[in-house]
Amino acid sequence: GSAGYGRLSAKNNWTNISRVLGTGRISNGGGQNNFNSKGLIGGLHVGIQKFVTPTIRIGGEIYGFFQAHKASVSAGTRSESLKRENGGGIKTKAGYLFDTHSSVYAHLGVEKAGFKYTVSEGIAGTSKKYLWGMPFGIGIETSLGCKWTARVEYTHIIYQKWKTKERLVDSNVVAILASKTKISPSQDSIVLGVSYTF
């Protein structure tokens, strides 16, 4: 298991589309903003490691994660929020044993994470999608004795771009207003984890 701190960030380019009754479709402009969110992150992992030399070991892990924070921005009557929800992935590890109990390692993998985006200018429209991401980073792992080990791990994740469909965000008797976006998310995290060796 592991627990730590994550920072989600994303660039968001949005466009509003106004449809006025009897006049067709008219672009109503757009803008750009940045999402930033910080908070707790937790996870579970299971994997295997093997020494290929007395000081080099390689391995792989399957993991799942959850986090409880979201990013929100507001400008005038428009409000938006983005949240990375539960997901999981698989990664490879390669480490160097620099003393009898501790090693430094690099890791690289692929994961799939659920994202939730909400936009409102009077009516809330919500989109959800699972995005593929590429996590990579470094860590230090040390033995605690009695088959237990502890680790500190840094991970940076780059996700695929997400183009949302048009969502209704406002309406009145003469017009409706819809919004679509292109979101480019990424996340940095530092976690403390423990493992039990069978």
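Predicted model: local features only at pLDDT ≥ 70, side-chain atom pairs only at ≥ 80, totals over all residues.
Residues are numbered from 1 along each chain as its sequence is written, and side-chain values use heavy atoms, with hydrogens and water left out.

Let's start with the big picture. The chain has zero helices and 11 strands; here helices (H or I, at least four residues) and strands (E, at least two) are DSSP runs, numbered from the N terminus. So if you read the elements from the N terminus on, you get β-β-β-β-β-β-β-β-β-β-β. Of the 198 residues in the chain, 42% are buried, where buried means under 20% relative accessible area, exposed means over 50%, and partly exposed is in between (1.4 Å probe, protein chains only). Now look at contacts, meaning heavy atoms within 4.5 Å. Among those between residues at least 6 apart in sequence, 64% join residues at least 24 apart.

Next, pick out S127, which sits in strand β7 (residues 124-145). Is S127 buried or exposed? With a relative accessible area of 5%, S127 is buried. S127 and L82 are 45 residues apart in sequence, and their C-alpha atoms are 9.7 Å apart in space.

On to the charged residues. Side chains of opposite charge can pair when their charged atoms come close. The term salt bridge is used here for a side-chain nitrogen of Lys or Arg within 4 Å of a carboxyl oxygen of Asp or Glu. How many salt bridges does a search of the whole structure find? The search finds eight.

One of them joins R57 and E141, with the closest N and O atoms 3.4 Å apart. R57 lies in strand β3 (residues 56-67) and E141 in strand β7, so this pair ties together parts that are 84 residues apart in sequence. R57 is buried, with a relative accessible area of 16%, and E141 is buried too, at 3%.

Another salt bridge brings together the side chains of E111 and R84 (3.3 Å, N to O). Since E111 lies in strand β6 (residues 102-120) and R84 in strand β5, the pair ties together parts that are 27 residues apart in sequence. Both E111 and R84 are buried.

Then there's K91 with E153, whose side chains meet in a salt bridge at 2.7 Å, N to O. This pair links distant parts of the chain, with K91 in strand β5 and E153 in strand β8 (residues 148-159), 62 residues apart. Both K91 and E153 are buried. Salt bridges that share partners join R57, E61, K91, K93, E141, R151 and E153 into one network.

Grid points are joined across faces, edges and corners, and a volume is the space filled by probe spheres set on the points.

The largest pocket holds about 590 Å³ of space. Its lining has 26 residues, with Q49, T149, S195, Y196 and T197 nearest the centre. Strand β2 gives the most to this lining, with six residues.

As for cavities, the count comes to one of 30 Å³ or more. The largest cavity has about 300 Å³ of space. Of the 22 residues lining the largest cavity, S2, Y63, K91, E153 and V191 are the closest to its centre. Here too β2 supplies the largest share of the lining, five residues.

Notes:
1 Å grid on protein atoms, 1.4 Å probe; cavity = no way out; pocket = protein on both sides within 12 Å on 5 of 7 lines; lining within 4 Å.
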